[in-house]
Amino acid sequence: MLSPERLALPDYEYLAQRHVLTYMEDAVCQLLENKEDISQYGIARFFTEYFNSVCQGTHILFREFSFIQATPHNRASFLRAFWRCFRTVGKNGDLLTMREYHCLLQLLCPDFPLELTQKAARIVLMDDAMDCLMSFSDFLFAFQIQFYYSEFLESVAAIYQDLLAGKNPNTVIVPTSSSGQHRQRPALGEASTLEGVEASLFYQCLENLCDRHKYSCPPPALVKEVLSNVQRLTFYGFLVALSKHHGINQALGALPDKGDLMHDPAMDEELERL
């Protein structure tokens, strides 16, 4: 039976939303690269196994970074794989540095960029030195936000810097008989010397951004909830709030709640069998 979402969308939109073409192109490339091995058991079996691995989320293991970040499903699958493979770090209570977490990421994706790991660590460490130790859960939830929403956060950072510099995007146009000039709210630097930016103004700027990033931003209602709890906040304060928000973690759907982070019955059963 088709889902309501599938019935509501035309075929081409549904296929585009699910990035089916991306997977078809990747499957064909792998087929051509390994055609001698695949010829032994057949093309039909290859495509069956390929798309089964996509459904199970194992298709991203040991792949290049350009592929693991290519679709939202790939990103969620990589997050889930990282958690399942290395949750024993958290289970044992071990604390690791940013470099050590980066080495773990490279075990699953050899060309994983260091810059992305550094950005995730900065959410946890804030003003501390980058060689400080971090718990697995702190790093994992910060990494989830930074990795899954990376393009969105780059745009958020640019908006935040503009607001700090007094470049208010919310220009108010007041028609008058004498002039048609744009009148702007006072620049933030003039209005206050407090740290960070005004949360309500920050959210107004993010509303349109969320509309433009339909498949790579947190649900706008949850972003509003995060920002409605404070009057002012810094950029990294915003990222910390996102990483700790229960609803955003649930909406993303890659990781369990923090309280269940060390529990994975299916993996435990498999390890026990081995």
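In this predicted model, Asn 229 sits in the loop that runs between α14 (220–228) and β6 (232–233). Is Asn 229 buried or exposed? Its relative accessible area is 61%, and the cut-off for exposed is over 50%, so Asn 229 counts as exposed. The side chain of Asn 229 has a polar atom 3.1 Å from the backbone oxygen of Glu 225. Ser 200 is 29 residues away from Asn 229 along the chain, and the C-alpha atoms of the two are 10.0 Å apart.

Thr 117 belongs to helix α9. With a relative accessible area of 0%, and buried meaning under 20%, Thr 117 is therefore classed as buried. Which side chain does that of Thr 117 meet in a polar contact of 2.8 Å? The partner is His 102. Leaving aside residues up to four places away in sequence, Thr 117 touches Met 98, His 102, Leu 105, Phe 112 and Phe 139.

Two or more lining residues come from each of α9 (114–125), α10 (136–148), α15 (235–243) and α16 (246–252). Of the elements, α10 contributes the most to this lining, with four residues. By type, the lining of the second largest pocket consists of six nonpolar, five polar and four charged residues.

Key. Residues are numbered from 1 along each chain as its sequence is written. This is a predicted model: local features need pLDDT of at least 70, side-chain atom pairs count only at pLDDT 80 or more; totals for chains, interfaces and linings use all residues. Side-chain values use heavy atoms; hydrogens and water are left out. Ala, Val, Leu, Ile, Met, Phe, Trp, Tyr, Cys and Pro count as nonpolar, Asp, Glu, Lys and Arg as charged, and the others, Gly among them, as polar. Buried means under 20% relative accessible area, exposed over 50%, partly exposed in between (1.4 Å probe, protein chains only). A polar contact is a pair of N or O atoms within 3.5 Å; within protein, one must be able to donate a hydrogen and the other to accept it, and residues adjacent in sequence count only if both atoms are side-chain atoms. Contact means heavy atoms within 4.5 Å.
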